[in-house]
Amino acid sequence: MRVALFLTCVNDTLYPDTGRAVVKLLTRLGVEVDFPMAQTCCGQAHYNTGYRHEAEPLAVKFSDVFRDYEAIVTPSGSCGAMVRELYPRMGERARAEGRGDALAATLAPVVPKTYELTEFLVDVLGVTDVGAYYPHKVTYHPTCHGLRGLGLGDRPRRLLQAVKGLELAELPGAEECCGFGGTFALKNSDVSAAMGVDKVRNAESTGAEVLCAADNSCLMHIGGTMARLRVGMRPVHIAEILASTEEEPLA
């Protein structure tokens, strides 16, 4: 199977190791992974801040770059939800504004074949045991877009439960937002910070060494809060855990 890795802006700029982990993991599972060099932002930041029309050229670019692949895999629930949930809405709004069906038709090919990493593993490849090894106590935070937008459900947990050596601790208040929310963290910084503290204190109560999630934007917020509170935990993307093996372990 030939798939495209949609890395996302945050990962490309700040967390390239997550992208490397996705390639390592999928290659180990027999998937041919391409990284289209023409990929740019999916438009989520623009759209969620109210700049719908400005997001449209980015969505069109995304479709132009990725439309010919069998599947598009991203290690980001929020950007995956942008394509799956909001691209169709953009097409509908354009139609409602009297601009015809062109935008909807352009974006339609990429919508059904864009997958967040864990749903691609479980639903498309049909695996939960990916041969990973990670001898640490881990707690899992289900991020909002993955939980509510994409409906990832227990897929990430099933993958983590199959990792050799990993002890999975239940996170109190797991389904509560961490407080990031993109520009919400800037416009409502006091509320965002307070929500982050609640999330970190709940994670700390589990005794876990690692807090894991499927979205680095949320992990960035949580990790910053951990650093300020001097908590002895670290945030790690689920792709990096699943890519770790006994032969090539993640530290």
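Two residues are taken to be in contact when heavy atoms lie within 4.5 Å. The structure described here is a predicted model, in which local features need pLDDT of at least 70 and side-chain atom pairs count only at pLDDT 80 or more, while totals for chains, interfaces and linings use all residues. Residues are numbered from 1 along each chain as its sequence is written, and side-chain values use heavy atoms, with hydrogens and water left out.

Helices (H or I, at least four residues) and strands (E, at least two) are DSSP runs, numbered from the N terminus. Gln 44 counts as buried because its relative accessibility is 12%, buried meaning under 20% relative accessible area, exposed over 50% and partly exposed in between (1.4 Å probe, protein chains only). With neighbours within four places in sequence set aside, Gln 44 is in contact with Ser 78, Cys 79, Met 82 and His 145.

Stepping back to the whole chain, 13 helices and eight strands are found. Of its 251 residues, 49% count as buried. Contacts between residues at least 6 apart in sequence join residues at least 24 apart in 79% of cases.

As for overall dimensions, the C-alpha trace spans about 55 × 45 × 30 Å along its principal axes. The radius of gyration, taken over C-alpha atoms, is 18 Å, which agrees with the value near 18 Å for a compact globule of 251 residues; the globule rule is 2.2 Å times the number of residues to the power 0.38.
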